[in-house]
Amino acid sequence: MRRRSVGINLRVTPEEKRRMAAAARRCGLSLSEYLRQRAVGYEPRWHPPGRLFEALAVLDRLADRLPDQAAQVCRAAADEIRDCLLETS
């Protein structure tokens with residue numbers, strides 16, 4: 001296990017901190033880990049929130065209850081969302 005014992009102080013504006021914290025949250029990382037990864041040249045990737053997958057599961061269950069044509073449209077929409085997620089994650 002690595003032990004980090006040296007700190008680096010960095011001054012930013014409140015808006016810069018807000019943007020960095022938001023980017024870290026989208027990647028599922030703490031602000032420190034996000035900045036550490038960026039500093040060494042790694043670009044963390046966005047991770048979709050679990051709630052998004054729960055919502056897609058609801059759409060799938062809803063499609064099971066719809067008439068055929070409506071079910072096809074619902075499933076196609078859910079599949080399109082999944083495809084978009086795979087492209088960006």
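How far apart are the mean positions of the positive and negative charges of the protein chain? They lie 13 Å apart in this predicted model.

**Figure 1. Charges of the protein chain.** The protein chain carries 17 positive and 12 negative charges.

**Figure 2. Helices and overall dimensions of the protein chain.** Four helices and zero strands make up the secondary structure. Read from the N terminus, the order of elements is α-α-α-α. The radius of gyration is 19 Å, well over the 12 Å that the globule rule gives for 89 residues, so the protein chain is more spread out than a compact globule. Its C-alpha trace spans about 60 × 35 × 20 Å along the principal axes.

**Figure 3. Contacts within the protein chain.** Consider contacts between residues at least 6 apart in sequence. Of these, 31% join residues at least 24 apart.

**Figure 4. Burial and surface of the protein chain.** Of the 89 residues, 17% are buried. The protein chain exposes about 7,700 Å². Carbon and sulfur atoms supply 54% of that area.

**Figure 5. Glutamate 16 in helix H1.** Helix H1 covers residues 14-26 and includes glutamate 16.

Methods:
Residues numbered from 1 in each chain as written. Predicted model: local features only at pLDDT ≥ 70, side-chain atom pairs only at ≥ 80, totals over all residues. Heavy atoms only, no water. Helix = DSSP H or I, 4+ residues; strand = E, 2+ residues; numbered from the N terminus. Rg over C-alpha atoms; globule rule 2.2 N^0.38 Å. Buried < 20%, exposed > 50% of the residue type's maximum accessible area, 1.4 Å probe, protein only. Contact = heavy atoms within 4.5 Å. Areas by Shrake-Rupley, 256 points an atom, 1.4 Å probe, with all protein chains shown as cover. Lys, Arg positive; Asp, Glu negative; His and termini not counted. Charge placed at Lys NZ, Arg CZ, Asp CG, Glu CD.
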